Amino acid sequence: MDFGTLLHTISSITPDRPWGIDIPNYFWFTGSSAAAFIISSFAHVFGMKEYKPIAGFSLLLAFVLLVAAPMNLIDDLRQPGRIINFFFYGWENFPTSPMKWGVLLLIAYPLLILVEALVLYRPYFWFSKGMVRSQEQVEKDHHLGVILGAIGIPLALSVHGYTGYILGAVHAIPLFHTPLMPILFLASAMVSGTGLLIILLPIFQKFFTDFKRVDMDMMQRLARLLAWFIVIDLVIRFFWLTFAITFNGEEKYALKLFFGENFWEVLIVDYVICLLVPMIIGFTNYFARSFKWVLFGGILSAIGVWIFRWNTVIGGQSIGKTTPFLLEYHPHFSGFDSIVSVLSNWSLLIALIALVMVLFPWDKEMANYYVKQGER
């Protein structure tokens, strides 16, 4: 380690954490939003007709997740008025600043989702009013939806990938500093987003549609998709951890300390219970045909990715530079950056989901309408 790097590392020492519980929650929300959008694009962009019945629901879920996500950042600022500084300052570093890219992405991405949702649901509002649309109008909407979806996919990947860049660029924290961090975040985001769909879809179908029943074929399809996303996630994590712990220079000892002290939480809870169990459920026909097992796997995977975000953000900051042990962090129960603030953010998300489900109903006739349009 040269003198400049040593000086930078020592100057980064702090007994407190710059980031608390709000940040892993923000990362979870943006990642799940990106996954929900990409799954909705399976139908619109890639022509996978089997996902058409949930394409609209996935798109709306992506939107409300991204609307709720920035509330975590505002709470983390301690003074909400500081949010204006994101827009006014720091643009001189724009080309090389992930946070400046994040500002633009957090503006452009939700606007694109909103426009695509309006295009997607426009036939529904015509249909509900008894109006008939011409074939030319339908084809124009379909073509516009494909274009918006194709533009939205790189935006969705970028809006979560930039958070990985922010962590990966931090030299002072061994658990952060890796070029794999954006890929790690994206892979795990596909797991949490699919798990969240598995959790919410039965509620949506039972209470907000004319079906009044759970589509088990779709649940089984999502369980299998979740299993494959977990495989990809685990492979990337394997390369990340084996390389970092084995070849990461002097910092490998800090990583060994971290994973040694958190062996149960990281390996047993996160990897075995929250990832391997849902993967087995998705790949096993006996379990995948059971609603309870599929729902259980979705809940475990969503929780597992949240734990991964926690272990990465909070656990990474627990690795001290001048101490032979790990620093401890206990979030406050109430106030800024607290358990109550995170629960409030989840309450906002639930309220937004209920609101859009009321405003954008997805009845049996409308689902059949889209399937028929996709078959043309």
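How are H9 and H13 oriented to each other, roughly parallel or roughly antiparallel? In this predicted model, the axes of helix H9 (residues 216-247) and helix H13 (residues 291-317) come within 10 Å and cross at roughly 30°. Angles under 35 degrees count as roughly parallel, so H9 and H13 are roughly parallel to each other. The crossing of H9 past H13 is left-handed. On the H9 side, the contact is built from Met 216, Met 219, Ala 223, Leu 226, Arg 237 and Trp 240. H13 brings Phe 291, Val 294, Gly 297, Gly 298, Ser 301 and Phe 308 to it. Sorted by class, that contact holds 8 nonpolar, 3 polar and 1 charged residues.

H13 has another packing partner in helix H11 (residues 263-283), with the axes 8 Å apart and an angle of about 150° between the two helices. That angle makes H11 roughly antiparallel to H13, since the cut-off for this label is over 145. H11, too, passes H13 in a left-handed crossing. Here H11 puts in Glu 265, Val 266, Val 269, Asp 270, Ile 273, Cys 274, Val 277, Pro 278 and Ile 281. From H13, the residues taking part include Trp 293, Phe 296, Leu 300, Ile 303, Gly 304, Ile 307, Trp 310 and Asn 311. The class count for H11 with H13 comes to 15 nonpolar, 4 polar and 2 charged.

Some H13 residues turn up in both lists. Val 294, Gly 297, Ser 301 and Phe 308 of H13 are among those in contact with H9, and these residues also take part in the contact with H11.

How values were computed:
Residues are numbered from 1 along each chain as its sequence is written. This is a predicted model: local features need pLDDT of at least 70, side-chain atom pairs count only at pLDDT 80 or more; totals for chains, interfaces and linings use all residues. Side-chain values use heavy atoms; hydrogens and water are left out. Axes are lines fitted to C-alpha atoms, for helices over the stretch in contact, and angles run from 0 to 180 degrees between N-to-C directions. Helices (H or I, at least four residues) and strands (E, at least two) are DSSP runs, numbered from the N terminus. Angles under 35 degrees count as roughly parallel, over 145 as roughly antiparallel, 65 to 115 as roughly perpendicular and the rest as oblique. A crossing is left-handed if the near helix is turned anticlockwise from the far one by less than a right angle, and right-handed if clockwise. Contact means heavy atoms within 4.5 Å. Ala, Val, Leu, Ile, Met, Phe, Trp, Tyr, Cys and Pro count as nonpolar, Asp, Glu, Lys and Arg as charged, and the others, Gly among them, as polar.
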